[in-house]
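Please keep the sequence and the three-dimensional view at hand while reading.

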Amino acid sequence: MPPSRKLRAENPRNSPAINQASLAGKNPRKIGLISDTHGLLREEALAALRGSDLIIHAGDVGDPKILEALRQIAPVVAVRGNVDTAEWAKSLPETAVAEAGAVHIYVLHDSNALDLDAKAAGFDIVVSGHSHKPGRSERNGVLYINPGSAGPRRFRLPITLARLDLRVMPWRVEFVDLAQGVE
């Protein structure tokens with residue numbers, strides 16, 4: 001394992017990619033989760049994300065204008081995906097940590113690249129994309145969320161994003177189908 005990757009896995013909370021919302025002392029409770037936009041940001045996605053206190057983009061952004069548009073709604077934590085190879089995307093980290101009060105969220109693009117024990121590292125939630133398949137599961141007390149793909153339709157998979165509500169227990173994850181009437 002390369003030294004930089006090992007360091008990140010051993011102590012990811014020391015990452016400079018901790019979101020601006022936590023650094024500003026805010027406590028985001030409504031979090032929009034989006035991934036795999038591949039350069040396409042639908043109006044339906046913007047509408048579904050309005051009201052978010054924080055937006056997490058789990059990679060394959062495809063165009064820096066997408067992050068700019070999302071920042072008009074709320075602070076954004078974004079990671080680089082495998083299609084984010086252009087010069088602008090080099091500033092995006094491979095992994096990030098978002099803090100929402102006492103809730104610690106680990107963000108990466110491909111969950112198969114997860115190189116740490118999320119529970120042992122103190123994470124409550126892991127957010128990833130890559131597969132384009134929306135999903136929610138829980139393992140060892142950690143919530144794993146893939147918001148699906150919000151960009152161009154791939155295969156026969158749905159076009160989705162997710163909304164995470166930390167105001168209720170258990171935390172609520174709502175998947176939003178963006179393709180109603182879109183093909």
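Two residues are in contact when heavy atoms of theirs lie within 4.5 Å. The structure is a predicted model, in which local features need pLDDT of at least 70 and side-chain atom pairs count only at pLDDT 80 or more, while totals for chains, interfaces and linings use all residues. Residues are numbered from 1 along each chain as its sequence is written, and side-chain values use heavy atoms, with hydrogens and water left out.

## Isoleucine 31 and the nonpolar cores

Leaving aside neighbours within four places in sequence, isoleucine 31 is in contact with Ser52, Leu54, Ile56, Ala100, Ile105, Ala162, Arg163, Leu164 and Leu166. A residue is called buried under 20% relative accessible area, exposed over 50% and partly exposed in between, using a 1.4 Å probe and protein chains only. A nonpolar core is a set of buried Ala, Val, Leu, Ile, Met, Phe, Trp, Tyr and Cys residues joined through side-chain atoms within 4.5 Å. In soluble globular proteins, nonpolar side chains tend to be buried together.

The largest nonpolar core has 22 residues, of which Ile31, Leu33, Ile56, Ile105, Ile125, Leu164 and Leu166 touch the most other members. Two or more residues of this core come from each of β1 (30-34), β2 (54-57), β4 (95-100), β5 (103-108), β6 (125-127), β8 (142-146) and β9 (160-165). Apart from this core lies another, of 21 residues, including Leu41, Ala74, Leu92 and Val176. The element names follow DSSP runs numbered from the N terminus: helices (H or I) have at least four residues and strands (E) at least two.

## Two open sheets

Strands of a sheet pair through backbone hydrogen bonds, either parallel or antiparallel. Here two strands count as paired if DSSP finds at least two bridges between them.

| Strands | Sense | Bridges |
|---|---|---|
| β1 and β2 | parallel | four |
| β9 and β10 | antiparallel | six |
| β6 and β8 | parallel | three |
| β7 and β8 | antiparallel | five |

Particular residues face each other across these pairs. Isoleucine 125 stands opposite leucine 143 in β8, while arginine 136 stands opposite isoleucine 145 in β8. The hairpin of β7 and β8 has two residues between the strands, and asparagine 140 there takes a positive phi near 55 degrees.

In a regular strand the side chains alternate between the two faces of the sheet. Both faces of β2 are covered: Leu54 and Ile56 on one side, and Ile55 and His57 on the other, are all buried.

Is glycine 32 buried or exposed? Glycine 32, placed in strand β1, counts as buried because its relative accessibility is 0%. Beyond four places in sequence, glycine 32 touches Leu49, Ser52, Leu54, Ile55, Ile56 and Ala162.

Glycine 59 is found in the loop between β2 and α4 (64-71). Its relative accessible area is 0%, so glycine 59 is buried as well. Not counting residues up to four places away in sequence, glycine 59 touches Ser35, Asp36, Val79, Arg80, Gly81, Asp84 and His109.

## Aromatic rings

A pair of aromatic rings is described by the distance of the centres and the angle of the planes. Rings of Phe, Tyr and Trp (its six-membered ring) pair if their centres lie within 6.5 Å; planes under 30 degrees apart count as stacked, over 60 as edge-to-face and the rest as tilted. A search of the whole structure finds one aromatic pair. Tyrosine 106 and phenylalanine 123 form this tilted pair, at 5.0 Å centre to centre and with 50 degrees between the planes. Tyrosine 106 lies in strand β5 and phenylalanine 123 in the loop between β5 and β6, 17 residues apart. Both tyrosine 106 and phenylalanine 123 are buried.
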